[in-house]
Amino acid sequence: MLARLLRLADVAFFPSFCRSCGLLLERPGERLLCRDCLGRIVPHRAPRCPVCGRFFEGEGGGHPCGACLGHPPPFSLHRSAGRYGAVLKDAILLLKYRGGRPLARDLAAFAWEALRREDGLWEKAEVLVPVPLHRRRLRERGFNQSALLARAIGRAAGIPVETRALKKVRPTPAQTSLEHGQRRTNVRGAFAVARPERVRGRVVVVIDDVFTTGATLRECAAELRKAGAGEVRAATVAQA
Ligand SMILES: [Zn+2]
Ligand SMILES: [Zn+2]
């Protein structure tokens with residue numbers, strides 16, 4: 001009954017047109033985006049840094065990027081499933097800012113399919129930890145999109161999820177609103193490990209929606225390592 005009411009409310013709140021192409025959503029199970037648009041979200045297969053996963057423009061690959069050579073990250077490996085743009089960007093923005101909660105499952109399915117065969121990303125992984133939101137942001141949004149993604153990926157991968165291992169202790173302006181150089185200082189000291197016993201000695205994969213400069217992942221991974229995590233890796237749905 002409750003599920004039925006929630007569904008009805010959902011239908012009332014979201015007019016049944018695809019938010020990306022504008023066509024009518026008429027197939028069962030379609031929410032916010034039509035199946036054709038979802039099908040246009042594809043993995044990014046171009047060369048990238050073997051460590052931080054940054055996509056290289058044009059040729060390259062096989063060697064770590066300048067950032068990883070200059071300042072090796074506290075995570076051993078990061079991979080993004082796709083490039084932040086077109087429908088993938090629409091889907092992430094809908095998820096975060098338009099209450100597009102149902103899209104978390106589609107995005108997680110996309111990310112898992114794109115990254116499930118990545119060498120060394122999931123092997124012996126023991127716990128998935130989503131990048132947390134500050135409690136104020138969580139209250140506004142009603143959910144943490146990274147936690148939704150982590151839960152869905154965790155179900156597909158058979159890896160448990162710890163949504164409370166990491167905590168955002170300081171609210172920060174959205175990374176996208178800042179210049180490159182400001183991003184690292186913006187997130188410095190913004191995260192803390194709330195439950196070290198959940199990560200100590202374990203192989204942790206941090207999950208987030210978008211990778212931009214990597215400052216957030218570096219900060220989260222550094223805290224997890226300080227708390228005793230055996231190894232930290234990271235996976236994101238999109239890379240800007
Ligand atoms: Zn569409
Ligand atoms: Zn790199």
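Predicted model: local features only at pLDDT ≥ 70, side-chain atom pairs only at ≥ 80, totals over all residues.
Q: Over how many bridges do E2 and E5 pair?
A: Strands (DSSP runs of E, at least two residues) and helices (H or I, at least four) are numbered from the N terminus, and two strands pair if DSSP finds at least two bridges between them. For E2 and E5 (residues 203–211) the pairing is parallel, and the number of bridges is 4.

Q: In what order do the 4 strands form the open sheet?
A: The edge strands, E1 (77–83) and E2 (127–130), each pair on one side only. The pairing is parallel, and the order is E1-E6-E5-E2.

Q: What angle does the direction of H4 make with that of E6?
A: Helix H4 (residues 86–97) packs on the sheet, touching E1, E5 and E6 (231–239), where contact requires C-beta atoms, placed from the backbone, within 7 Å. Axes are lines fitted to C-alpha atoms, for helices over the stretch in contact, with angles from 0 to 180 degrees between N-to-C directions. For H4 and E6 the angle is about 110 degrees.

Q: What is the phi of Leu 32?
A: Leu 32 lies in the loop between H1 (2–13) and H2 (35–39). Most residues other than glycine have a negative phi. Leu 32, which is not glycine, has a positive phi near 65 degrees.

Terms used
Residues numbered from 1 in each chain as written. Chains lettered and ligands numbered in written order. Contact = placed C-beta atoms within 7 Å.
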